Amino acid sequence: MTNEEKVVKSMILMKQDEYFALSEDRKTVTPENLGGLLEYPALFRAMQDDRELRPALSPAMSTGRAMNDYITCSATEFGERYTVADGPVNPKTGKPYGTDSKAYMEWASKQDKTPVPSSEYAMFANMAKAYEAHSAISSLSGYACIPNAVFRAVLAGVDCCVKVDKLYVSDGAVIAVDVKTTSDLCSFSRSADSLHYREQQALISLVLSENGIHDPQVIIAAIEKGPIPRCGVFSVKGIDKVEESLYKVLEDYGRSMASGSYRTNVEALMTL
């Protein structure tokens, strides 16, 4: 059995809509909802039962998800989920309403497919080119590439699931690429802290390892939005220590699940 066959055998079949519904439900820890667990475990648990507590998907997050699908899905799959349309026109300006406007959101909610403005769709094409042109990505052209690979594992008694945007496999290596969007690559490292990107990569690594994919390389491909997109590829420094720290968080959450008592993470005296 080849390495690719071993990897495919350990994957689970799950449609993207199913995966995101699983993540939204928060009964399973995913990279997408991990930040909530890290910051406020008690609220994370409460969101399982009360949908009103869950944050809405912002326009920026919707754009990021659509761009991610543009890169990881086939043209047919993308067309099944999205339609390229600018939406209603503002009579005062003669231009389409912004995607964060009430008029646009009301119109978008009535569409059978998720609308993508033509300007964003053109930007996606340039962002995909920037991704493929990066030397760290183009060097993987000889690898087998598995898009949207889903893996599941129980870590410290906690159900976990990850979707790897692009999984590159050779006979001797497995490289998991997490595709992100950013408005500014220069400030991406700071964003990685506040958005818990390092811990997300650690979760991906832990779940892959639990599925028999040992020593996977996990990297982030951050693609800058704009008229001339550029792509930066990042690895996580000291990921072993990040994994150890994350596993302790999962252990603590597992104990909370057993006891029914969840932390707020502000129990101790703090200093400013």
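Colleague: Leaving aside its neighbours within four places in sequence, which residues is Val116 in contact with?

Modeller: This is a predicted model, in which local features need pLDDT of at least 70, side-chain atom pairs count only at pLDDT 80 or more, and totals for chains, interfaces and linings use all residues. Residues are numbered from 1 along each chain as its sequence is written, and side-chain values use heavy atoms, with hydrogens and water left out. Contact means heavy atoms within 4.5 Å. With neighbours within four places in sequence left aside, the contacts of Val116 are Ala66, Phe78, Tyr82, Thr83, Val84, Ala85, Tyr121 and Phe124.

Colleague: Does Val116 count as buried or exposed?

Modeller: Val116 belongs to strand 4 (residues 114-116); strands (E, at least two residues) and helices (H or I, at least four) are DSSP runs, numbered from the N terminus. Its C-alpha atom is separated by 4.7 Å from that of Val84, 32 residues apart along the chain. Buried means under 20% relative accessible area, exposed over 50% and partly exposed in between, with a 1.4 Å probe and protein chains only. At 1% relative accessibility, Val116 is buried.

Colleague: In what order do the five strands form the open sheet?

Modeller: Two strands pair if DSSP finds at least two bridges between them. The pairing in this open sheet of five strands is mixed, and the order is 5-6-7-8-9.

Colleague: Which are the edge strands, and what does the twist average from one strand to the next?

Modeller: Strand 5 (144-155) and strand 9 (231-235) each pair on one side only, which puts them at the edges. Axes are lines fitted to C-alpha atoms, for helices over the stretch in contact, and angles run from 0 to 180 degrees between N-to-C directions. From one strand to the next, the twist averages 40°.

Colleague: Which strands does helix 11 touch where it packs on the sheet?

Modeller: Helix 2 (residues 16-25) packs on the sheet against strand 5 and strand 6, its direction making about 140° with that of strand 6. Helix 11 (residues 197-210) also packs on the sheet, at about 85° to the direction of strand 5. The strands touched by helix 11 are strand 5, strand 6, strand 7 and strand 8.

Colleague: How many bridges join strand 7 to strand 8?

Modeller: On one side, strand 7 runs antiparallel to strand 6 (residues 158-169), and four bridges join them. Lys166 has Val177 as its bridge partner there, and Leu167 has Ala176. On the strand 8 (residues 217-224) side the two run parallel, with Asp178 opposite Ile220. The number of bridges joining strand 7 to strand 8 is eight.

Colleague: Why is strand 7 largely enclosed by the rest of the structure?

Modeller: Strand 7 covers residues 174-182, and a hairpin of four residues joins strand 6 to it. It is largely enclosed because, of its nine residues, the number buried is eight.

Colleague: Which cysteine has the closest sulfur to that of Cys161?

Modeller: A disulfide is a pair of cysteine sulfur atoms within 2.5 Å, and the search of the whole structure finds zero. Cys186 is exposed at 62% relative accessibility, and its sulfur is 14 Å from the closest cysteine sulfur, in Cys231, too far for a bond. Cys161 is buried, with a relative accessible area of 0%. Its sulfur is also too far for a bond, at 8.9 Å from the closest cysteine sulfur, in Cys160.

Colleague: How do the residues of the contact of helix 11 with helix 12 divide?

Modeller: The axes of helix 11 and helix 12 (residues 239-259) come within 9 Å and cross at roughly 85°. The two helices are therefore roughly perpendicular (65 to 115 degrees; under 35 is roughly parallel, over 145 roughly antiparallel, the rest oblique). Among the residues that meet are Leu203 and Leu206 in helix 11 and Val242 and Leu246 in helix 12. With Ala, Val, Leu, Ile, Met, Phe, Trp, Tyr, Cys and Pro as nonpolar, Asp, Glu, Lys and Arg as charged, and the others, Gly among them, as polar, the division is six nonpolar, two polar and three charged.

Colleague: What is the phi of His196?

Modeller: Ala156, in the loop between strand 5 and strand 6, has a positive phi near 55° without being a glycine. His196 lies in the loop between helix 10 (188-194) and helix 11 and is buried, with a relative accessible area of 14%. His196 is not a glycine either, and its phi is positive, about 60°.
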